[in-house]
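Here is a briefing on one protein structure. Please read it with the model open.

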Amino acid sequence: LYCKSSAIRDQLLSALNSAQIQAVFHYIPLHNSPFAKENGLFEKELPMTEHVSSCLLRLPMYPSLSEGQIKRICETIHKTLR
């Protein structure tokens, strides 16, 4: 899920986790990865990439997720962002 800002992402993440919905963020731009930094790759700043990665939120998504669980996730997101 792409949020308008990292602050909104953090607010949504907190609300979902409080509702026992496991949402996470862990997207690291390739140029900021430990491997790239250790090997001197991508020495250029990429502010748009860094901004976008700071606004991404990963929602629970798997085949056995029930319709009720999906509805609860959506309702929590809607309520938080309202």
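This is a predicted model: local features need pLDDT of at least 70, side-chain atom pairs count only at pLDDT 80 or more; totals for chains, interfaces and linings use all residues.

Residues are numbered from 1 along each chain as its sequence is written, and side-chain values use heavy atoms, with hydrogens and water left out.

**Salt bridge**

- The structure holds one salt bridge (a side-chain nitrogen of Lys or Arg within 4 Å of a carboxyl oxygen of Asp or Glu).
- Arginine 9 pairs with aspartate 10, and their closest N and O atoms are 2.8 Å apart.
- Arginine 9 is buried, at 6% relative accessible area. Aspartate 10 is partly exposed, at 38%.
- Buried means under 20% relative accessible area, exposed means over 50%, and partly exposed lies in between (1.4 Å probe, protein chains only).

**Cysteines**

- The whole structure has zero disulfides (a disulfide is a pair of cysteine sulfur atoms within 2.5 Å).
- For cysteine 3, the closest cysteine sulfur belongs to cysteine 55; at 7.0 Å, that is too far for a bond.
- Cysteine 55 is likewise in no disulfide.
- Cysteine 3 is buried, at 5% relative accessibility. Cysteine 55 is buried too, at 0%.

**Nonpolar patch**

- Leu30, Phe35, Leu41 and Phe42 make a nonpolar surface patch of about 440 Å².
- Patches are made of residues with over 30% relative accessible area and no salt bridge; like charges are joined within 9 Å, and nonpolar side chains (Val, Leu, Ile, Met, Phe, Trp, Tyr) within 5 Å.
- Accessible areas come from the Shrake-Rupley method with a 1.4 Å probe; for residues, only the protein chains shown count as cover.
- Phenylalanine 35 sits in helix 2. Phenylalanine 35 is exposed, at 56% relative accessible area.

**Loop residues**

- Histidine 31 lies in the loop between helix 1 (6–18) and helix 2 (34–38). Helices are DSSP runs (H or I, at least four residues), numbered from the N terminus.
- Histidine 31 is buried, at 6% relative accessibility.
- Leaving aside residues up to four places away in sequence, histidine 31 touches Ala36, Lys37, Phe42, Lys44, Leu46, Thr49 and Glu50 (contact means heavy atoms within 4.5 Å).
- Tyrosine 62 is in the loop between helix 3 (47–54) and helix 4 (67–81). Tyrosine 62 is partly exposed, at 41% relative accessibility.
- Tyrosine 62 and valine 24 are 38 residues apart along the chain, and their C-alpha atoms are separated by 14 Å.

Methods: Helices (H or I, at least four residues) and strands (E, at least two) are DSSP runs, numbered from the N terminus.
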